[in-house]
Structures are given as structure tokens and as C-alpha cells.
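Subject: Structure handover

Hi,

Here is the structure I promised to pass on. Please open it and keep it beside this email while you read.

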Amino acid sequence: MIIQKNINIQDDKLLNGLMPVLEIINQIEESDDDNITIDFVSTSWVSPMFVLPMMVYLYGSRRQINCVNIPAYLNIIHFPNGIIPDDMRRSEFLAHMEGYAHRNYIPMERNNNCLPYTV
């Protein structure tokens, strides 16, 4: 299954980012397919309220979910995999984070010790 959605979230309302992510999650959950591709080719802008729940869902899903055509902004914040500080030397992590010192965003972090939520 391929999911392609026109995502252009404006930050005028904090919760605007939730609707697109909930719609994508709903499509995935309603699908019988275990191999899902989310195509971000039509995505022009996302908000943290989209990115955070989407990453949590992707990380915790039992399905094989691939993200393709990821826009530059999402690549910069390391979506969908995040950075894994536990896999980096302290100095390497600090140097990496220093690159974000004068930015208005930071990379997404993932902890290898966190297990996906299971029901």
C-alpha cells in the first residue's frame, strides 16, 4: 500500500499537525497490507505536532513502513529514524548538537533502550 497525502501544515494553530498524522495512521490501521510506503512527495511543510506522533507510531508499529521522498526539512531533523545518542561518542553527539545551536529546530532523538509499545 502506498499512502500519498498533500501535507502543508501551517503553524497558526498548534493542533493542525494532528489531523494529517491521524489520517495517515487511520489508513495504515485500516489496511490489510503489512508493507506500507508513505510517500512524502506532496509534502511542503510539517509541524512538530505532525512529526512527533508520526515517529512514535512508526517506531512502535509491527508493520514494515517505509518513508520515501522525504523533504529537506524532515531530513535535517533526522525523520523518520532520529539520531541515536547511545550509538555516538559523547564528543560526537555534542559536536552534532552544536550544529543546531543557532537554529530554531533540533534533530529528533531516539533511545535504543525504549521498546515499542505492544498491546
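**What I found**

The protein has 4 helices and 3 strands. Please keep in mind that this is a predicted model. Starting at the N terminus, the order of elements is β-α-β-α-β-α-α.

Now some totals. The protein has 119 residues, and 36% of them count as buried. It exposes about 7,800 Å², with 52% of that supplied by carbon and sulfur atoms. Take the contacts between residues at least 6 apart in sequence: 78% of these join residues at least 24 apart.

**The strands**

Begin with β1 and β2. They pair in the parallel sense over 3 bridges. Find Ile3; its bridge partner in β2 is Ile38. Next come β2 and β3, which also pair in the parallel sense. Here there are 5 bridges. Ile38 turns up again, with Cys67 as its bridge partner in β3. To get from β2 to β3, the chain passes through α2, and this β-α-β crossover is right-handed. β2 is also mostly covered, with 4 of its 5 residues buried.

**Helix α1**

α1 covers residues 18–30.

Which residues of α1 are buried? They are Pro20, Val21, Ile24, Ile25 and Ile28. They sit on the same side of α1, because they cover an arc of only 130° around the axis. An α-helix has 3.6 residues a turn, so residues three or four places apart point the same way. The buried residues of α1 pack against β1 (2–4), β2 (35–39), α2 (48–60) and β3 (64–68).

**Backbone points to check**

Most residues other than glycine have a negative phi, and most peptide bonds are trans.

- Asn69 lies in the loop between β3 and α3. Its phi is positive, near 55°. Asn69 counts as partly exposed because its relative accessibility is 45%, and the band for that runs between 20% and 50%.
- His78 lies in the loop between α3 and α4. Its phi is positive too, near 65°. At 25% relative accessibility, His78 is partly exposed.
- The peptide bond from Phe79 to Pro80 is cis, with omega near 5°. Pro80 is in the loop between α3 (72–76) and α4 (90–98).

Best wishes

Definitions and conventions
Residues are numbered from 1 along each chain as its sequence is written. This is a predicted model: local features need pLDDT of at least 70, side-chain atom pairs count only at pLDDT 80 or more; totals for chains, interfaces and linings use all residues. Side-chain values use heavy atoms; hydrogens and water are left out. Helices (H or I, at least four residues) and strands (E, at least two) are DSSP runs, numbered from the N terminus. The expected span of a helix is 1.5 Å times one less than its number of residues. Buried means under 20% relative accessible area, exposed over 50%, partly exposed in between (1.4 Å probe, protein chains only). The arc is that of the directions from the helix axis to the C-beta atoms. Contact means heavy atoms within 4.5 Å. Accessible areas come from the Shrake-Rupley method with a 1.4 Å probe; for residues, only the protein chains shown count as cover. Two strands pair if DSSP finds at least two bridges between them. A crossover is right-handed if, with the strands pointing away from the viewer, the path from the first strand over the helix to the second runs clockwise.
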